[in-house]
Every structure is written in structure tokens, then in C-alpha cells.
Amino acid sequence: MKGRLLISAAVVSLGMAGMAWSQGNSATAEIEKYREMLGDGNPAELFEMDGEALWATARGPKNASLQKCDLGLGAGVVKGAYAQMPRYFADSDKVEDLESRLMTCMVKLQGFDRAELSKKPFGTANYKSDMEALVAYVVGQSRGMPMAVPTAHPKEKAAFELGKQIFFYRAGPYDFSCATCHAMTDARIRMQDLPDLTSPAGSQRAYTSWPAYRVSQSLFRSFQWRLNDCFRQQRFPEPTYASESTIALTSYLATMANGATYQGPGIKR
Amino acid sequence: MKAKLMMGGVLALASTCLFAAGSESVVAARLKTDFHTKGIAKVERLDQDPVQILCSTPDLDSVPQAQQFALEKQQRAEIKYPADGKYLGDWKKGEILAQDGRGNTWSDTPETPIGGNCYNCHRISPQEISFGTIGPSLYQYGKKKGYTEARQKEAYGRIYNSKAFNLCAPMPRFGHVGALTEAQIKDLVALLLDPESPVNK
């Protein structure tokens, strides 16, 4: 990881301001150019480092680290864990995505309050989210690994099915569902390419490039954030953070991506 | 779409037990538990009307035709055409409205003007190259379709309620839900069907 960190702060803060938006190019093409500018680097690495430190730091009422947290592959195993999530956890008797699971560990091991943790999970220009840093660290440890989300447990099957139904659920003032924007090949909204999340190729490419550093916001964004902002564009009310519905939707998308190589953390518009 | 969705055995459970006791589907009940009102985006937005219920399937080919036609007919009956029988407004205002993608999200306020969002999905005036492709290109709409009053009325109806003509189309029902006013829809019809509009140049 260290070798790839040679991104000067100047480039990181450059953000979109430094990019000439050439006419006729999609946002994806512009991001490709930005990537080239950065060489092999991704500002997400700075968040990964923060998260790695947080993971090992004794914190919370119980003054413990997260080093005994079980992300599905055994206590303390981070390598490859994200590529196999969401999954069923026997101790909570629930299917959990990464963010839900991190909260479960922070509650159990560190003594934090779940409601408190859910209050401000997304960072802003003036507020650094611990959750997003931890997410960056954990997902970075699955880079290059094949997506292998388990589907054998009945609750995993149920989560996939519920997620699929949510994906096609049309409601709100504009009758939108996820499928309105994400069930066609090569469609765009304005200049933003829309992945076809009902096709294996489309969902694989999209899912394996999240969570991601967002250049336009100079922030690292988790998958729960991605869903939250799409529900906003869908004109829906707000999904509660790491609720059963959002985890189920993630199960659906992650399972569709099975077999692909996890590429994250990504870098986005 | 059907074939695309046959992913592994996981889908074996698909479309069983969509509805629990009572009329509300399991998924609707779940969503109502897991979502909350934020700003103008009230949790009641999750309630579905019959059109939304019928069109929430992964396999649109499976929607029973009789039901589809009956609902389209009912939606058509609810279209309020202009009382003055005039369909063409001001294409310049229509262009501004078509550009505007704001409105109705939880980050908007009740005062945020509601835009047409048209360029999100359609190519319209040739000068605007940042357009989406979810809907068909509307460039040269009048030139291609003709400028007759019947065409104007049809365009008005489709903007007012696209679902009255194609039940599960992705396009919002701008007039039906009160997002756009009669005058605004006329301006959009003019954008598409006024021979002077850049769309038809």
C-alpha cells in the first residue's frame, strides 16, 4: 500500500477544479483522465490508512480495538472479508453488510451505542467519518480478490429476494425504481453513465468499483452512502442507515457481482 | 429481460409470496419500517398506486395485457387537457424548464422550483450536448412528426401522463402528479412542436 501513496496533497485537493470537462465526453471518460493524472494512486489510500489505524486503536467505553472483530472469515481476519459480504452471521442471527457488521463489532467489542453510531455515518467537508475510514481500510484488503458472496443460508436467500424486489419497487412522485435508471445498457443521465445493474456484466463493473473516493466531493464514500444518494435521486424518503432494506439491496447487487474481481476502493466523479 | 435475470438457482424463490395477509406487499411493509421522512420526502411516498404496483416487476413482459390496457384507459381518462384548446406555449420558457433538474428530492425545499428534468433522459435542442438517453431523442420532433393540432395534443398528453399511453414507461407523470402546471406543459409542447423552436431547426 505504501508505494502507491505517492500522491501529492496538491493533486488530491485539485479535485474536479483541475479537470477540463471536454465537450461530448461522458463523466466516466473524464474520470479515466483524472486517474491517469494520478498515476497508479487513489486518494482513497489516505482514508485506508486512517481506517487501518482506527481498527487497531483501543477506543470506546470498553477501551478495546477492533482487532477481534469477525467480518465473516474468523475473528480479526480482514483480508478478503469484504469480497464475501453481505453474509449471514450466527451471533447476530442476521445478514449484515460491512457497515452493519462494523457497528455490531463496535457495539460488542468497544461498547459504543448503535443508535449513536448510526447518526452521522457519512462524512462532510467539515466532518470526518470514522465509519468511512474503517470501510476504506477493510475493502482495500479485498482488492484483487474474487467476489464470493455466500448464498446458501436461508436468510441470505431471503435477503437477495427482498433486495431484488426493492430494486424494482416503483413509487414516489416520479414512479422511479432503481430499475428506471439502471436496467438499460449504455444509458446515461445527462453525461453520467448508468450501469445496467440487472446484467451480470453491468453489476459486476459497478459493484466492484465501490466504495470509492469521489473527486467532486473530495471525500471517501461507502456503499451505504451510494444507496442513500440514489434513493435521494429516486425522490424516495431516506433509508435508515444499515437498515434491513439497504442490506438486502446490497445483498442483491453483491450477489449479482459474484465471480468478478473486486477492484475497490474506486475513484469516481 | 426475462432471460437476463435467470441468475443461478437463487432466483428459484422469485415472485413467490409477494403479498402477505391484507393488501400490502411484504416489500412495501419492510420499506415503510426502514425508511423515514426527510424534509419534503415523506415516508408516505412509499405507498403505491395501482400503476406502480403493476409495474414493479422485474419482468415487464409478464404484466397481464388486459390489466395494463384497463389501467392505461383509466389514466387517459384522468388527463386534464387545456380548457382553451390551445397546446402551444412559449418554447423559450420550455427550454429553461427542460434544463432544470431540480425538485422533489429531500435536499430540495418546498420553495425549490420543480424542473422538467427532460434533458436527464432526452436529447432535445441540438445546442445542449449534455443529455441523457433513457428516453428517445426528441430532436426534430415536430419536423419528423408534423405540427398538427393532433400531434400537439398527443405530446401534451404524454408529458401530462406518459403512463396513459405506455403503462410501465420510465417517464414520470408530470401533470398527473402535479409536478408541472398546464402552462408549463404547454411551454414544453412548444419546445417540441413550435416550428421556431431550436428543436425543429
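Reader: Which residue in β1(B) is the bridge partner of A:E238?

Author: That partner is B:H36. Helices (H or I, at least four residues) and strands (E, at least two) are DSSP runs, numbered from the N terminus. Two strands pair if DSSP finds at least two bridges between them. Here, two bridges join β7 (residues 238-239) of chain A to β1(B), and the strands run antiparallel. Please keep in mind that this is a predicted model, where local features need pLDDT of at least 70, side-chain atom pairs count only at pLDDT 80 or more, and totals for chains, interfaces and linings use all residues. Residues are numbered from 1 along each chain as its sequence is written, chains are lettered from A in the order in which they are written, and side-chain values use heavy atoms, with hydrogens and water left out.

Reader: How many residues of each chain are in contact?

Author: Contact means heavy atoms within 4.5 Å. By that rule, 59 residues of chain B touch 48 residues of chain A.

Reader: What area do chain B and chain A bury between them?

Author: Interface size is often given as the accessible area lost when the parts come together. Chains B and A bury about 4800 Å² (accessible area, 1.4 Å probe, summed over both), with 59% of it on carbon and sulfur atoms.

Reader: How many salt bridges does the rule find across the interface?

Author: Look for a side-chain nitrogen of Lys or Arg within 4 Å of a carboxyl oxygen of Asp or Glu. The rule finds five across this interface; one of them joins A:E244 to B:R30 (3.0 Å, N to O).

Reader: Which element gives the largest share of the chain B side?

Author: That is α1(B), with five residues.

Note on methods
Buried area = accessible area lost by both parts, 1.4 Å probe.
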